[in-house]
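Let us walk through this model together, one element at a time. Keep the sequence beside you as you read.

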Amino acid sequence: MLLQLPPRANWLDVSWIIFLAFTAIAALAAGLQGWLLAKTNLLERGLLITAGTLVIIPADNVDYVGLGLFAFVFLLQFLRRKIAPVPA
């Protein structure tokens, strides 16, 4: 599972697994609630739910795909928030 430690895990391994767990929870919560930095559209919600699910799956390289999707949606939202005009 997600929080299962590998044999002879060190503190770096433990902190990486905890980071992955927090990221998966954040991605799933943002996807299900429809809000990250701003209101998400349907595509962003789907990508966030997919990202959280991919991080949870106990496979070797799937974590990086999930983290990449989460970072992509976060960057999209960040840039959209920067570009959007501020109401006066």
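Helices (H or I, at least four residues) and strands (E, at least two) are DSSP runs, numbered from the N terminus. Before we go on, please note that this is a predicted model, in which local features need pLDDT of at least 70 and side-chain atom pairs count only at pLDDT 80 or more, while totals for chains, interfaces and linings use all residues. Residues are numbered from 1 along each chain as its sequence is written, and side-chain values use heavy atoms, with hydrogens and water left out.

Now for the overall plan. The protein chain has three helices and zero strands, which follow one another in the pattern α-α-α. Of its 88 residues, 28% count as buried, where buried means under 20% relative accessible area, exposed over 50%, and partly exposed in between (1.4 Å probe, protein chains only).

Back to α1. At its start, a side-chain oxygen of Asn10 reaches to within 3.2 Å of the backbone nitrogen of Leu12. This is a polar contact: a pair of N or O atoms within 3.5 Å, where within protein one must be able to donate a hydrogen and the other to accept it, and residues adjacent in sequence count only if both atoms are side-chain atoms. The buried residues of α1 include Ile17, Leu20, Ala24 and Ala27, and the buried residues of this helix pack against α2 and α3; contact means heavy atoms within 4.5 Å. Just after α1, Gly34 takes a positive phi of about 80°.

The loop between α1 and α2 holds Thr40. Is Thr40 buried or exposed? Thr40 is buried, with a relative accessible area of 9%. Leaving aside neighbours within four places in sequence, Thr40 is in contact with Gly34, Trp35, Arg45, Leu48 and Gln77.

Next comes α2, where a side-chain oxygen of Asn41 reaches to within 3.2 Å of the backbone nitrogen of Leu43 at the start of the helix. The buried residues of α2 are Glu44, Leu47, Leu48, Ala51, Gly52, Leu54 and Val55. Seen down the axis of α2, these fall within an arc of 165°, so they line one face of the helix; the arc is that of the directions from the helix axis to the C-beta atoms. They pack against α1 (11–33) and α3 (62–83).

What do the helices build between them? The largest nonpolar core has nine residues: Ala27, Ala30, Leu47, Leu48, Ala51, Leu54, Leu69, Phe70 and Val73. A nonpolar core is a set of buried Ala, Val, Leu, Ile, Met, Phe, Trp, Tyr and Cys residues joined through side-chain atoms within 4.5 Å. Each of α1, α2 and α3 supplies at least two residues of this core, and the largest share, four residues, comes from α2. Not counting residues up to four places away in sequence, Ala51 touches Ala27, Gly66, Leu69 and Phe70.

Finally, Phe70 is buried, with a relative accessible area of 17%, whereas Phe74 is partly exposed at 37%. Being four residues apart in helix α3, Phe70 and Phe74 are separated by about one helical turn.
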